[in-house]
Amino acid sequence: MRVAVETVFDVAIVGLGPVGCFGAILLAEAGLKVVCLEKESEVYKLPRAVNLDGEIIRALQAVDLAETVNAMMQPLRPGERAGFANSKREWLFGVAASPSGSHGWQPSNMFDQPELEQFLRDKTLEHQNVTTFIGYEVTEFEIQPEQVTLSAEDNAQNIVVAAKFMIACDGANSPTRKALEIPWRDLGYDQDWLVVDVVMTAEHDLANEVLQICDPDRIHTYVATKEPFRRWEFQLNPGETADQMLKEDTIAKLLDPWVPRDTYTLRRTAVYQFHAAVAATWRRERVLLAGDAAHQTPPFLGQGMNAGMRDLINLAWKLPLVLNQICAETLLDTYPLERAGHAHDLVSWAVSMGHLMTHLAATEAAERAGKPAPAPPESMQTSGYGQGREQPPIRSGAVMTAQLSDQGITGYLLSQPMVKVGSDKPVRFDTLLGAGFALISHGDVELSAASQAVVDHLSIKLVNVAAMETVKGRFADVLLAGETVLVRPDKVVFGHTSDAVKADDLLTALKNAMPFC
């Protein structure tokens, strides 16, 4: 039976993994009508992603889900570490966890993906602005002048749905990307690794930390995921096969130096080839790629799912502006400009970490043999945890590109302190900024008539921090210095005033960067 769904939705999302669900919630909360198609009837029951960044939790504040999701997290506590160790697990370098981050939430949080994914799917299914077709696989789609038409089928019937835009969150093997004949840009890392997830069933002394073990005999990784779970990743050595590595005896021998055999049960074992790649293009007319369909990364930074969720954060403020005819469709051209570069930076960083692990293992091997250490890779000084690197900025798109630098705040997320006004209850700063654009100043700002027209067109909120007291965290230095900051709905800094840039200049630049209808 072939059934045509009469509604033309605003957005169709193909793939309801955690990234697709996250995006569906953000878009639906923005008032859009969303249709979701997912071929799997149930959430995947085994873990894949294990780390959620504080900035992703921050993005859920606007939809009142941050506290609930945060309660599912197991953060690295102050003093607990993520870093590199030698074959004896002796600490080399890295970073200790901090109690809170600049985003107002713990920066690094361990979680169990089946738990989080089920929660996000449940919220997606119950949202009044979301229509879901679970168990339906998209078989084809057609890009038309005003919409995308999708055909999907389950065991009983075929359906046809239409939406003005389509977001493909359909995974690393994305049928959408393949149908569009979009190639990968390979970033030069293809290694086979054995991934082992266990359930700890007895008391143990495994530390709550993340270690990259740079052992010449076998590079491997230990990750303290959410209790009672633990993960190890072992790089395959030359000549080893997946069949050999997946034997229970092989796995037990690999875990023996870490944990007694009677203290755990195996939860998942799999051999993967870790890839580093970014899609050559992320937009083809009304179809946009997101998540693993657009980028793949080795797991050393724990950024695969986080990067995918950032894709949807970016789209969740741009698509409503386009669909509500506030901005022209060309605004969506900034999506790949901003996200592809950001993802490329993160994937490249993860690749550098892989090369660094190889170098450290080779250095130890040379020491054992009494030989000179090999020359370090060019990225040695900036590829480890805690070596002066944070999330990269947006380097092009809807930002004041003239202000972009590794030392500034333009292109970065604005810090989010806990603040209070007078006797009011302390709140996180984003609560006062709202869900849209915000012009933040330390005192009143005088605007020209042209600037006021931009403020009115984009519903920019004017926020004066002069009377605000910071309870936890701190405002950005430029705000403390009395400058004015223009922030996008995703809380990325568009630009700020300076001796050479006035508030009117900021708003003129914003109008030039945002194609108004």
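Asp53 and Arg310 are both buried, where buried means under 20% relative accessible area, exposed means over 50%, and partly exposed is anything in between (1.4 Å probe, protein chains only). The two also form a salt bridge, with their closest N and O atoms 2.7 Å apart; the term covers a side-chain nitrogen of Lys or Arg within 4 Å of a carboxyl oxygen of Asp or Glu. This pair links distant parts of the chain, since Asp53 sits in strand S3 and Arg310 in helix H8 (residues 304-323), 257 residues apart. Helices (H or I, at least four residues) and strands (E, at least two) are DSSP runs, numbered from the N terminus.

A word on what you're looking at: this is a predicted model, where local features need pLDDT of at least 70 and side-chain atom pairs count only at pLDDT 80 or more, while totals for chains, interfaces and linings use all residues. Residues are numbered from 1 along each chain as its sequence is written, and side-chain values use heavy atoms, with hydrogens and water left out.

Back to the charges. Side chains of opposite charge can pair when their charged atoms come close. The structure holds 29 salt bridges. One of them joins Arg48 and Glu117 at 3.3 Å, N to O. Here Arg48 comes from the loop between strand S2 (34-38) and strand S3 (51-53), and Glu117 from helix H4 (residues 113-126), 69 residues apart. Arg48 is partly exposed at 36% relative accessibility, whereas Glu117 is buried at 3%.

Another salt bridge brings Asp112 and Arg267 together at 2.8 Å, N to O. Asp112 lies in the loop between strand S7 (108-110) and H4, and Arg267 in strand S16 (residues 264-279), so this pair ties together parts 155 residues apart in sequence. Asp112 is buried, with a relative accessible area of 9%.

Now for helix H7 (residues 248-255), where Ile251, Ala252, Leu254 and Leu255 are buried. Looking down the axis of H7, you'd find its buried residues within an arc of 160°, so they line one face of the helix; the arc is that of the directions from the helix axis to the C-beta atoms. These buried residues pack against strand S12 (184-200), strand S15 (229-235), helix H6 (242-245) and S16, with contact meaning heavy atoms within 4.5 Å.

What about the cysteines? With a disulfide taken as a pair of cysteine sulfur atoms within 2.5 Å, the count is zero. For Cys169, the nearest cysteine sulfur is that of Cys36, 8.8 Å away. Cys169 is buried, with a relative accessible area of 12%.
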